[in-house]
Amino acid sequence: VTDDIQDIVLKAFETRTIAFVAKDPEGDNLTIALTEKVNGVSVQKTDGNNWTVTINAKSAGKGIHQCVIKATDIHGLEASFSLSFEVLENQAPAMVKKIEDVYVEGIGEKFSFNLDEYFSDPDGEPLRYKLTEGNRMVAKSVITDNTLSIDIAGYGSTAISISVADASNKTCTAEIRIIVKNPENLVELYP
């Protein structure tokens, strides 16, 4: 085995490939097989005596797993090694900094927020952002390249919701209230 196969610990979204060499002392061809199969684990010949075992943590699932890789020659002689690994439980993304509500007087203002500053994933997974807009007559918003942009379009009150998902589809959400006051009105009430 050419890569370290001790203490393999994977996060729920990771895939690890481990290279190994399997050769017969007499030069006979070998058959390599998983004799104790685990979901998400596969063995593949790369060339000559070189092989890889690939572990897909998402397919394997949370927990401690063990599989046996066996090499058999044409005479039925065999050798094997045991491969153990642990897949950690996925943790949901979380808000690390609150996005402040937007209170403005007048229309035409623009705001932007780098969402990577406000949300994080404890597992280090890449995040996907989804926006649910409120009243587009008050504010138009879009997420591009992890940046939330808000254009104030009219007077009134609205809210937008941001759903954040990790690679394993665990989510968290945040809401931003937007209040746009007409400076010509002395008093305005919004729920």
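Modeller: R136 is partly exposed, at 41% relative accessibility. The cut-offs: buried is under 20% relative accessible area, exposed is over 50%, and partly exposed lies in between (1.4 Å probe, protein chains only). This is a predicted model, where local features need pLDDT of at least 70, side-chain atom pairs count only at pLDDT 80 or more, and totals for chains, interfaces and linings use all residues. Residues are numbered from 1 along each chain as its sequence is written, and side-chain values use heavy atoms, with hydrogens and water left out.

R136 pairs with E133 in a salt bridge, 2.7 Å from N to O. The term means a side-chain nitrogen of Lys or Arg within 4 Å of a carboxyl oxygen of Asp or Glu. E133 is partly exposed too, with 28% relative accessible area.

The structure holds four salt bridges. Another one joins D151 and K110, with the closest N and O atoms 3.5 Å apart. D151 sits in strand β14 (residues 147-152) and K110 in strand β10 (residues 110-114), so this pair links distant parts of the chain, 41 residues apart. Strands (E, at least two residues) and helices (H or I, at least four) are DSSP runs, numbered from the N terminus. K110 is exposed at 61%, while D151 is partly exposed at 32%.

K62 and E89 also form a salt bridge, their closest N and O atoms being 3.9 Å apart. K62 lies in the loop between α1 (57-60) and β6 (63-73), and E89 in the loop between β7 (78-87) and β8 (94-95), so the pair ties together parts 27 residues apart in sequence. K62 is exposed at 58%. E89 is partly exposed at 49%.
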